[in-house]
Amino acid sequence: MSIVKSMKFVVLGAVFGVAGSVAGANAQEIIKLGLSIPLSGSGATWGKGSEFMCKEAASEINEAGGVKVGDVTYNFECVGYDNKYNAAEGTRVAQTLLNREGVKFIGGSLGTAPVKALQSLTERQGVMIFTTAWGSSIKGPDFPLTFTQMNTPFEILPQLIPYIHQAHPEAKTLAMLNPNDASGQETESVANGVWKKTGVEILSSDFYERGTTEFQPIAARLASMKPDIIDLGGMPPADAGAVLRELDSLGWKGVKVVEVGTGADGLKATGGDAVEGVYMGAGVTFDGPDVTDHQKKVNEDARAAIGESLNAIQIGFYDSVYALKAGIEAAKSIDPKEVAKVMPDVTFKTFYGGEIGFYGMDSYGSRQQMRLPVIVTQIQDGKLVEMARVVPDGK
Amino acid sequence: MQTAIQLILTSLQIGAVYILFSLGLTLIFGVMRIVNFAHGHLFAVSALVVAYTVPWLADTGLPVLPAYLLAVIAGVAVAMVLGFLMYVFGFKYFQRDMVGSFILSIGLVLLLDGILLKTFGGAVRPVPEILPGTVTILGASVTVQRVALCAAAVIITAALYWALTRTKLGKALRAVSIDHEAAMLQGVPYNRMALAGFMIAAALAALAGALIAPISIVSPVIGADYLIKGFIAVIIGGLGSVPGAILGGLFVAAIETFGGFYLDPTSATIAIFVLVIVVLLVRPKGLLGHG
């Protein structure tokens, strides 16, 4: 009897053991994608949309079977924290993502100052990072684990500014305003050079502190110079809209530019009708004949979730997830250093349609920049209209 | 000349909100001898309630102006309830305790930051234009909304000044502010005066938030910028001094406007902090401070 009883236990144990091992083989591992994004303040909509797009891409990939590395299937999970668009919070978020969440891949990060805080840890701890932050100091051979997920002023401005200059040859003078931080200073530096090449005279180039809520004195100064063009560079939509509203009330009429402006809704929230005619370099339209059903649906879902249309910043958080999938599968490894090694050579599905890869040897000395289209848009009758689209060439 | 008038008008418009904000800070300090870093959140709550309520009421078919006036009432009411809770469960136990109230108010800032973000989300809330159009004053262009804000701020400030100098409550508040023990010996109920002072300050912050909502960038962090400027105004004018708060508010606004115009926005910000340092070195109690 005891032998029979023992046999039963052995058989039962074997059944559970086999079942357990099968379940283990089929179990899907999780790869956390850390996000350092502004979820409060004037850049909050960018952050919320970015988190939405990361989750959208992760969900699509997970539903399609996940990321395959040998016999193991991985699912993506997006983990976002509020960096408040400043270095201090960026440091806190970096510590949380890397040391508490144990993240090995940053799916996206927003804001040059918080990203620099994050990057100081990621490169040291062997964590791969995607970022929307710009500047030649962010990427290059010294930062092998860093990749850029949207066009930066280095890509946007050489297309946007000449277009505006050609459209308004009568405009001869310019005043510029940017946030007084790493993002704003990098944007101003590139824009200054490109505007000078067009022959437009730069009357002033000022900086303001992020968190400013009263823009009337700033607008009064800008309007007093009577520039033909006012370029609000890298200002967040809410701030840029507020400046344009004050300029309108002061009677200034001229060419309005928000270089990394991302859409009509954010500007209109604070600028109202005064944002009419604004040129932007990071906006994306969703009502043309070439827009796919997938793009329309995701955009509609995003509008319901965040209250405005998607833009180039947020789309970058979608593309980076697909780039990571392609990189991990090409490297056959989830070691960030191995993935980063193969990343410059992989191609992946972009939200804009088709397959793209990385370039940037000419500008940065390494291929860490996604080859994305530069889209020049303008607000006309309250809607964003695509004026030109260029896919950059170069190595 | 037109530029000078434009800048003076801009200073007055900005200063109007700083005055309302700093009057609340100085009143709380005068009566309770505490600093309330969560004062900006009362301002933010009111602005946020207005920003949410106006579009909602307008969607029901109500004209924008009545919708705004109802939203102002709602915003002030919500902020005053929050202020009452802050006092009853917090500051009541830390009266005339600078260190305790400092720690408490920093804790409240963190708590309220989280609650506001969770409740309202972090994004900027648009408020429809309440009074469209611009007017020309001595050749300078000003929006009707800003003129209305200025007029409202002047009326509120005048009413407060009158109440503090002419009414029994106002005289009691001033007595407590000058010497609370002597006031109590004269039969002034200190605890009731402290609550009254705190609630008046909450109402001032709420009114300032509701007034600024249609012309500013309304998000849960809107109070931070005004809190800093408000404190600077109070320090320059003299902690606890009502005329000092008015003078300080106008001073800060003038430097922000003229400095921003003739130098640049960043230099104007630096100039404000330099001014505080100079005032603290020359007159540590502020220009009109006496305590």
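**Terms and values in a predicted model**

Trainee: What makes strand 10 (residues 255-258) and strand 11 (residues 279-280) of chain A a pair?

Mentor: Strand 10 and strand 11 of chain A are joined in the parallel sense over 2 bridges. One bridge joins A:V258 to A:M280 of strand 11. Strands here are DSSP runs of E with at least two residues, and helices are runs of H or I with at least four, numbered from the N terminus.

Trainee: Why are strand 8 (201-208) and strand 17 (383-390) of chain A called edge strands?

Mentor: The open sheet has 7 strands in the order 8-7-9-10-11-16-17 (chain A), with mixed pairing. Strand 8 and strand 17 of chain A each pair on one side only. Helix 5 (residues 153-167) of chain A packs on this sheet, touching strand 10, strand 11, strand 16 (374-380) and strand 17 of chain A. Its direction makes about 45 degrees with that of strand 16 of chain A; axes are lines fitted to C-alpha atoms, for helices over the stretch in contact, and angles run from 0 to 180 degrees between N-to-C directions.

Trainee: How do you know that the buried residues of helix 3 of chain A line one face?

Mentor: A:E89, A:G90, A:V93, A:A94 and A:L97 are buried (20 or more other C-beta atoms within 10 Å; exposed means 12 or fewer, partly exposed in between, with C-beta atoms placed from the backbone). Seen down the axis of helix 3 of chain A, the buried residues fall within an arc of 145 degrees, so they line one face. The arc is that of the directions from the helix axis to the C-beta atoms. The face turned away from the buried side carries the exposed residues A:A88, A:N99 and A:R100.

Trainee: What do the buried residues of helix 3 of chain A pack against?

Mentor: They pack against strand 1 (29-37), strand 3 (72-82) and helix 4 (112-125) of chain A. Contact requires C-beta atoms, placed from the backbone, to lie within 7 Å.

Trainee: Why is A:K226 called exposed?

Mentor: A:K226 has 11 C-beta neighbours inside 10 Å, so it counts as exposed. A:K226 sits in the loop between helix 7 and strand 9 of chain A, and its phi is near 50 degrees, a positive value in a residue other than glycine. Most residues other than glycine have a negative phi.

Trainee: What makes B:R96 partly exposed?

Mentor: B:R96 has 13 other C-beta atoms within 10 Å, so it is partly exposed. B:R96 lies in the loop between helix 3 (64-89) and helix 4 (98-120) of chain B, with a positive phi of about 60 degrees although it is not a glycine.

Trainee: Why does B:V276 count as partly exposed?

Mentor: B:V276 has 18 C-beta neighbours inside 10 Å, so it counts as partly exposed. B:V276 belongs to helix 11 (residues 265-282) of chain B. Leaving aside neighbours within four places in sequence, B:V276 is in contact with B:I232, B:I235 and B:I236.

Key:
Residues are numbered from 1 along each chain as its sequence is written. Chains are lettered from A and ligands numbered from 1 in the order in which they are written. This is a predicted model: local features need pLDDT of at least 70, side-chain atom pairs count only at pLDDT 80 or more; totals for chains, interfaces and linings use all residues. Two strands pair if DSSP finds at least two bridges between them. Two residues are in contact if their C-beta atoms, placed from the backbone, lie within 7 Å.
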